[in-house]
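Reader: I have a new model open. Walk me through how to read it, feature by feature.

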Amino acid sequence: GADELRQLVAGVRAAGVADSRIRIDLCIARGLDYYTGTILETFLKDHPGIGSICSGGRYDNLTQMFSKNPMPGIGASLGLDRLIAAIEELGLVTRQRPPVQILVVQFDPGLVGSYLRLAARLRAEGLTVELFPEARKIGQQFKYADRRQIPLVIVAGPDEIASGRVQLKKMADGSQSEVSLDGDCGELIAAIRLSLAEPAAGNENNS
């Protein structure tokens, strides 16, 4: 084990890594029993309190369950939550406009086919659309759209689908308008594009 550590340190130095960036710590222990050599942990020097953000080690011949050929191996897992926390703490995250433009409310599970066809039609026009996964209370679905900062919501129950009309709700001010689905959803697509264009300047100022 001591010889392996000496070889590791020599290799790290040969690769041009400064001594200040590596430390031998004999107190590290990892619980997975397939490690066959040195284990490692990675920290952010300026944020040691976050803890290890990348950990792993040497596991020679771990692939023997799939292959009879001996094979060296080393790997590590990334602590994504900790890394994101560090990035946010360092102020490296910038807020961007949400990728989803439209939420289609699932009013009735029996109408899922109609909702999917509507979503597919809008996506074909380059719009980003999400269909709520289950038929919950409308208020809960509105809260979901508000929390995700989705600007527009389409509401269509059995009566609306039967009449070929839907309600288009703007989450910014709560206003709703009834829009026809006729003409291959041309009126709805035009109304969506107009609604998306109108609040753009206001949203940028608020951010």
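**Reading the model**

Author: Buried residues make up 29% of the 207 residues in the protein. Buried means under 20% relative accessible area, exposed over 50%, and partly exposed in between (1.4 Å probe, protein chains only). This is a predicted model, where local features need pLDDT of at least 70, side-chain atom pairs count only at pLDDT 80 or more, and totals for chains, interfaces and linings use all residues. Residues are numbered from 1 along each chain as its sequence is written, and side-chain values use heavy atoms, with hydrogens and water left out.

Reader: How many helices and strands does the protein have?

Author: Helices (H or I, at least four residues) and strands (E, at least two) are DSSP runs, numbered from the N terminus. Here there are seven helices and eight strands. The radius of gyration is 27 Å, well over the 17 Å that the globule rule gives for 207 residues, so the protein is more spread out than a compact globule. That radius is taken over C-alpha atoms, and the rule is 2.2 Å times the number of residues to the power 0.38. Along its principal axes the C-alpha trace spans about 80 × 45 × 30 Å.

Reader: How many aromatic pairs does a search of the whole structure find?

Author: A pair of aromatic rings is described by the distance of the centres and the angle of the planes. Rings of Phe, Tyr and Trp (its six-membered ring) pair if their centres lie within 6.5 Å; planes under 30 degrees apart count as stacked, over 60 as edge-to-face and the rest as tilted. The search finds three pairs. Tyr-34 and Tyr-59 have ring centres 5.7 Å apart and planes at 90 degrees, so this pair is edge-to-face. Tyr-34 lies in the loop between α1 (2–14) and β1 (39–42), and Tyr-59 in the loop between β2 (54–58) and β3 (74–78), so the pair ties together parts that are 25 residues apart in sequence. Ring pairs link Tyr-34, Tyr-35 and Tyr-59 into a cluster.

Reader: Are Phe-132 and Tyr-144 buried or exposed?

Author: Phe-132 and Tyr-144 are both buried. They form an edge-to-face pair, 5.2 Å centre to centre with 80 degrees between the planes.

Reader: Which residues does Cys-185 touch, not counting residues up to four places away in sequence?

Author: Contact means heavy atoms within 4.5 Å. With those neighbours left out, Cys-185 touches Leu-118 and Arg-121. Cys-185 sits in helix α6 (residues 182–197). Its relative accessibility is 9%, so Cys-185 counts as buried.
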